[in-house]
Amino acid sequence: MADRRNPGLDDVSKAIIERLQRDGRRSYADIGREVGLSEAAVRQRVQRLTESGVMQIVAVTDPLQLGFRRQAMVGLRVHGDTVMVAETLAALPQIDYVVLTAGSFDVIAEVVCEDDDALIELLNTHVRTIEGVAATETFLYMRLVEQRYDWGTR
């Protein structure tokens, strides 16, 4: 299989991905009928796609219903090694999304915490103490209006 930056997916693999993006619980037999493969062939392709890192199959939850009352995006300005900072952030269980960026911030991280006290603890004890973190700016989520995972394939 091609490397992660250019996976070289064929049309059948793309069709499988698009169907799983719409409903990750679809049976391989149903998908196989739609794309012209056997259930075993779909299972094999899905396994290759997940093992190569092209896709993940996960349950997406509503943090509020699980007791996580505070979500936020944290922008970080970094002096020094931005990759090291991003990797350190990614290791924290409260952080579910980390990207290196260009612009006002060097790194952006999404955090999910039980409450405001947990967010303060995370920022003061774990985030702002990382070597190279010069400044942070926190954007509290007031309401999630839209979150989608079905952008398809190219």
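**Presentation: the fold and side-chain contacts of a predicted model**

Val60 lies in the loop between α3 and β1, the latter covering residues 70-78. Helices (H or I, at least four residues) and strands (E, at least two) are DSSP runs, numbered from the N terminus. Residues are numbered from 1 along each chain as its sequence is written, and side-chain values use heavy atoms, with hydrogens and water left out.

Val60 also belongs to a nonpolar patch on the surface, together with Val58, Tyr149 and Trp151; their accessible area together is about 450 Å². Patches are made of residues with over 30% relative accessible area and no salt bridge; like charges are joined within 9 Å, and nonpolar side chains (Val, Leu, Ile, Met, Phe, Trp, Tyr) within 5 Å. Accessible areas come from the Shrake-Rupley method with a 1.4 Å probe, and for residues only the protein chains shown count as cover.

Let me turn to the chain as a whole. The protein chain has five helices and four strands, in the order α-α-α-β-α-β-β-α-β along the sequence. Its radius of gyration is 19 Å, well over the 15 Å that the globule rule gives for 154 residues, so the protein chain is more spread out than a compact globule. That radius is taken over C-alpha atoms, and the globule rule is 2.2 Å times the number of residues to the power 0.38. Along the principal axes, the C-alpha atoms fill a box of roughly 55 × 35 × 20 Å.

Of the 154 residues, 29% count as buried. Buried means under 20% relative accessible area, exposed over 50%, and partly exposed in between (1.4 Å probe, protein chains only). The protein chain exposes about 10300 Å², of which carbon and sulfur atoms supply 49%. Among contacts (heavy atoms within 4.5 Å) between residues at least 6 apart in sequence, 63% join residues at least 24 apart.

I come next to the charged side chains. Side chains of opposite charge can pair when their charged atoms come close. How many salt bridges does the structure hold? There are seven, where a salt bridge is a side-chain nitrogen of Lys or Arg within 4 Å of a carboxyl oxygen of Asp or Glu.

One of them joins Arg45 and Asp10, at 2.9 Å from N to O. This pair links distant parts of the chain, 35 residues apart: Arg45 is in helix α3 (residues 39-51), and Asp10 is in the segment before α1 (11-22). Arg45 counts as buried at 16% relative accessibility, whereas Asp10 is partly exposed at 35%.

Another salt bridge joins Arg19 and Glu34, at 2.6 Å from N to O. Arg19 is buried, with a relative accessible area of 17%, while Glu34 is partly exposed at 45%. Glu34 also forms a salt bridge with Arg26, the closest N and O atoms being 2.6 Å apart.

Which aromatic side chains pair? The structure holds one aromatic pair. Phe105 and Phe139 form this pair edge-to-face, with 6.0 Å centre to centre and 90° between the planes. Phe105 lies in the loop between β2 (95-100) and β3 (107-113), and Phe139 in strand β4 (residues 133-140), so the pair ties together parts that are 34 residues apart in sequence. By definition, rings of Phe, Tyr and Trp (its six-membered ring) pair if their centres lie within 6.5 Å; planes under 30 degrees apart count as stacked, over 60 as edge-to-face and the rest as tilted. Phe105 is buried, at 11% relative accessible area, and Phe139 is partly exposed, at 37%.

Asp106 is found in the loop between β2 and β3 as well, and is partly exposed at 25% relative accessible area. Leaving aside neighbours within four places in sequence, Asp106 is in contact with residues including Leu76, Arg77 and Val78.

Finally, Val111 lies in strand β3 and is buried, with a relative accessible area of 1%. Beyond neighbours within four places in sequence, its contacts include Ala72, Val74, Ile95, Leu119 and Leu122. The C-alpha atoms of Val111 and Thr138, 27 residues apart along the chain, are separated by 9.8 Å.

How values were computed
Predicted model: local features only at pLDDT ≥ 70, side-chain atom pairs only at ≥ 80, totals over all residues.
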